[in-house]
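Here's a quick tour for anyone meeting this structure for the first time. Have a look at it, then read on.

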Amino acid sequence: MARMSVKNTPIDAPYRRAERKNRRGSGKLPVVLLYGIDPSWTPEEQQEVIRQSRRLGFAMRRRGHSVRFLPVSHPNLRSVLAAYEPHRVVIFNWCEELPGRRRSEHKVAETLESLRFIYTGSPPQVIRLSYDKGRVKRILEAHGVPTPRWKLFRSPEEEGWDCYPAIVKLAREHCSIGVDSGAVVFTPAQLRQRVEYVINTYRQPALVEDFIDGPEYHVPLLGNDPIEMLPPVERDFSALEDPAKHICSYKAKFVPDSEEYQKITSYVPARLSAEQMAQLEEICKKAYRAVGCRDYGRIDVRMRDGQFYVLDVNPNADISHDASLAVAAEKAGYCYGELGSRLVALAAQRHPALQSVLKRPPEAPAPEGLAGLPEANASLGHPLTPSEVIP
Ligand SMILES: Nc1ncnc2c1ncn2[C@@H]1O[C@H](COP(=O)(O)OP(=O)(O)O)[C@@H](O)[C@H]1O
Ligand SMILES: [Mg+2]
């Protein structure tokens with residue numbers, strides 16, 4: 001199985017030696033890169049995920065981290081993690097779902113938490129919250145974050161919507177599932193039909209929103225306190241004639257030979273004035289904090305008539321090398337390995353062993369297995385100080 005072939009691959013051997021050396025105190029924090037491989041995927045899909053995780057893992061190794069690859073190919077995450085001790089490692093959580101368990105993204109973080117592992121990214125409750133678009137919108141509104149006008153439809157018969165064009169989305173989904181050009185509606189009859197389609201096909205309420213026809217900004221954020229905005233990525237839809245195609249649909253994101261994929265142009269950084277950029281930064285940081293994102297995230301925003309609207313908050317944003325977050329990081333001067341390294345450094349600040357390292361007088365030795373922590377962070381240009389450690 002793919003899991004075994006990855007774990008036992010000979011390329012790991014030199015790094016096991018390096019890891020042993022690191023534990024003796026010369027290197028950096030041992031990282032376990034956790035990623036999902038669902039046996040029901042096609043061999044090509046599995047290979048692609050293996051390629052992606054190797055790309056990140058190797059990039060981090062080049063930054064001096066000791067990285068072990070840990071594929072998850074069945075839903076029993078506890079048994080997968082059994083060989084690792086929480087106080088010796090930091091988990092790089094790139095496991096988006098437990099194999100065979102739909103919408104189990106939060107379960108991964110939940111299990112890591114219950115086993116007391118320190119891991120990169122948001123806690124389970126935040127990941128779960130992000131799947132409930134209605135709740136997220138209520139939170140954003142309560143915090144004064146501008147977001148498109150909206151209404152939740154539990155039945156196609158519901159009344160009370162008069163704003164067109166509108167977009168009909170699934171109330172509990174991600175990855176543009178159910179978002180195609182048919183989701184943009186221009187009349188009450190189309191709205192009713194699409195709401196009916198969403199409810200009957202996906203067995204969940206439909207979220208109807210004011211369709212903001214304008215450029216879209218994918219705004220990656222890093223850190224906790226402080227939070228850093230990376231250069232926003234702009235998506236320009238103007239080459240597509242049909243306004244209903246002015247969306248980051250499933251096709252636009254994942255089907256390279258589609259018109260949408262080919263005609264949407266990206267600009268990094270976004271073509272915004274310094275004043276607009278500052279406004280975008282303020283809105284996105286507010287949204288990030290309001291939802292409770294940790295370590296990293298991506299806020300999707302649109303602009304119409306000079307006004308920004310937050311569409312979506314992604315605490316578990318895609319960190320593939322070609323996704324907005326990594327592309328923006330590169331623009332900001334962080335190579336891929338450095339981005340991974342920064343995420344590990346952020347997670348490491350929550351590590352109890354690191355906190356004792358920081359509290360100890362400088363001459364005392366660091367605990368076995370975590371000896372490299374402060375060094376690892378210093379090499380990123382972000383030396384850890386006790387004041388940076390979350391209490
Ligand atoms: N109110 C809206 N106005 C214009 N486009 C929208 C709106 N809501 C969603 N979209 C388009 O649909 C895409 C997917 O919607 P989003 O809310 O981000 O859902 P998902 O969680 O599936 O990514 C967005 O990236 C955007 O292109
Ligand atoms: Mg989105």
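Is D305 buried or exposed? D305 is exposed, with 6 other C-beta atoms within 10 Å.

## Before we start

This is a predicted model, so to speak of a local feature takes pLDDT of at least 70, side-chain atom pairs count only at pLDDT 80 or more, and totals for chains, interfaces and linings use all residues. Residues are numbered from 1 along each chain as its sequence is written, while chains are lettered from A and ligands numbered from 1 in the order in which they are written.

D305 sits in the loop between β13 and β14 (307-314), and its phi is positive, near 50°, though it isn't a glycine. Another non-glycine with positive phi, about 70°, is D295, found in the loop between α11 (274-291) and β13 (296-304). D295 is buried, with 23 other C-beta atoms within 10 Å. (Buried takes 20 or more other C-beta atoms within 10 Å of the residue's own, exposed 12 or fewer, partly exposed is in between, and C-beta atoms are placed from the backbone.)

## The open sheet

Four strands make an open sheet in the order β2-β1-β3-β4, with parallel pairing. Its edge strands, β2 (66-72) and β4 (118-119), each pair on one side only. Pairing takes at least two DSSP bridges between strands; helices (H or I, at least four residues) and strands (E, at least two) are DSSP runs, numbered from the N terminus.

Seven bridges join β1 (residues 30-36) to β2 in the parallel sense, and G36 stands opposite V72 in β2.

## Cis peptide bonds

Y164 to P165 is a cis peptide bond, with omega near -5°; P165 lies in the loop between β5 (150-153) and β6 (166-170).
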